[in-house]
Amino acid sequence: MEETINIGLIGFGTIGSGVVATLGKNMHLIEDKVQKKVKLKKIVDLDITTDRGVDVDPEVLTTNVDDILEDDEINIVIELIGGYQPALNFILKAMENGKHVVTANKALLAKHWQEIMDCAIKNHVRICFEASVGGGIPLLAPLNNGLAANNIETVYGIINGTANYILTKMDDAGLDFDVVLKEAQLMGYAEQDPTFDIEGHDTAQKLIILSMLGFGIYVSQENFHVEGITRIKPDDIKFARKELNSVVKLLAIAQVDEDGKLEIRVHPTLVPQTHLLASVNDVFNAVYIVGDIGGPVLMYGQGAGMMPTASAVVADCIDIMQDMDSSVAYGPSESRVKKIKDMSNVESKYYLRITALDKPGVLHSLSGILSDLDISIESVSQRKVDQTDAVPIFMVTHHALEKNVQKAIKLIDKLDFVKEKTMIIRLL
């Protein structure tokens, strides 16, 4: 073990502290695995005085990022500050200086994928990002390597713990969204500004990375449908479970058909209780992948948190240490995807919750609109849930085109007896 691998850590927050704790606790395992000495040489952060609950030699701490980026002895740079800038500049500078990079920065990868990969290739260094999608779940490496003999056909993901926790608690307790969100914030499962999680943006960024590895194509978030969970009500969840034997999940979906058309979308989805993803609850994450050779694979675990995420970060470091000369290669070099399918051309079964006045002729009017747009009704039920004159009407359609359903909803919501914006949830 004469060779020493030096690591520089940029960002000494929650995950950074977990990385330091992991290296301190299991250094002997790591060194035995890579057959090299491993040293955490420098940690940079704007705040180097706050106690993080881990033992660190004060000489290791610095507020000057160049103490890492310009140190020729540092082999691997871990970036854990998040955001776009200055994280992008730090990563690019590290690679330009011949350093390998490990990051958990999904937002940065989703927005600047090609620039980052081009820089890694040009400078003959590696960049690893296992922690960017599934936290502590070994996910990206198995997708990129373990399933490399497969054409990936389908990727379904529950990849945001905040949204999954909220939907689980709404299901368990029958509580409104706002009530559960406040509880999640108090417990630390949701940010004070939870928009990124509950509106689907976090899930979308992770899906971009999964699509690169699974299908070899980059699709920016602006080019696919992203929808959150804020309009889900307990009535939707109750109806799904009792009448459709399904649960509501915020699902990331990417699948390619035989003609090379890729569907990519994020939205609440009714998942049959018989599906493996239906049992993924609370803050846990899971990704369901189907390959043409290996068939379905489910990867499940803690998608966030200090130590699970730190586990993935350190695993990436170990991977680099074991093979520091391999080239950057993520996903198939030639994508099978010929076209991104427009959301309007997606076909699905739909659940509709229409809140309308309880009077004669309502169902006749609604069914007429749907019929005119080639939308066939599979089932319909109506029940009074309070003392108001408006009642929810629950409909499930047969397979229909998204564009036809959207046209129908616009017409339905203009009717004078409809009192709320119609809720639609697609069925898996």
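Thr22 is buried, with a relative accessible area of 13%. Buried here means under 20% relative accessible area, exposed means over 50%, and partly exposed lies in between, using a 1.4 Å probe and protein chains only. Thr22 sits in helix 1. Helices are DSSP runs of H or I with at least four residues, strands are runs of E with at least two, and both are numbered from the N terminus. Setting aside neighbours within four places in sequence, Thr22 is in contact with Met27, Met307, Ala310 and Val314. Contact means heavy atoms within 4.5 Å.

Before I go on, a word on the model. It is a predicted model, in which local features need pLDDT of at least 70 and side-chain atom pairs count only at pLDDT 80 or more, while totals for chains, interfaces and linings use all residues. Residues are numbered from 1 along each chain as its sequence is written, and side-chain values use heavy atoms, with hydrogens and water left out.

Now the sheet. In what order do the six strands of the open sheet lie? The order is 3-2-1-4-5-6, and the pairing is parallel. Two strands pair if DSSP finds at least two bridges between them. Strand 3 and strand 6 (127-128) are the edge strands, each pairing on one side only.

Strand 2, residues 37-44, has six of its eight residues buried, so it is largely enclosed by the rest of the structure. Strand 1, residues 4-10, runs parallel to strand 2 and is joined to it by seven bridges. Asn6 has Lys39 of strand 2 as its bridge partner. Between strand 1 and strand 2 the chain passes through helix 1, residues 14-34, and this β-α-β crossover is right-handed. That is, with the strands pointing away from the viewer, the path from the first strand over the helix to the second runs clockwise. Strand 2 also pairs with strand 3, residues 61-62, in the parallel sense over two bridges. There, Ile43 has Leu61 of strand 3 as its bridge partner.

Helix 3, residues 87-96, lies across strand 1, strand 4 (74-79), strand 5 (100-103) and strand 6, and runs at about 150 degrees to strand 5. Axes are lines fitted to C-alpha atoms, for helices over the stretch in contact, and angles run from 0 to 180 degrees between N-to-C directions. The loop between strand 4 and helix 3 holds Pro86. The peptide bond from Gln85 to Pro86 is cis, with omega near 10 degrees.

Next, a helix pair. At what angle do helix 7 and helix 11 pack? Helix 7 (residues 161-173) and helix 11 (residues 234-244) pack at about 75 degrees, with their axes 9 Å apart. They are therefore roughly perpendicular to each other; angles under 35 degrees count as roughly parallel, over 145 as roughly antiparallel, 65 to 115 as roughly perpendicular, and the rest as oblique. Helix 7 contributes Leu167, Met170 and Asp171 to the contact, and helix 11 contributes Pro234, Ile237 and Arg241. The buried residues of helix 11 include Pro234 and Ile237.

Last, two residues in loops. Asn245 is in the loop between helix 11 and strand 9 (246-256). Asn245 is not a glycine, yet has a positive phi of about 50 degrees. Asp282 is not a glycine either, and has a positive phi of about 55 degrees. Asp282 is in the loop between strand 10 (261-272) and strand 11 (284-291). Is Asp282 buried, exposed or partly exposed? At 28% relative accessibility, Asp282 counts as partly exposed.
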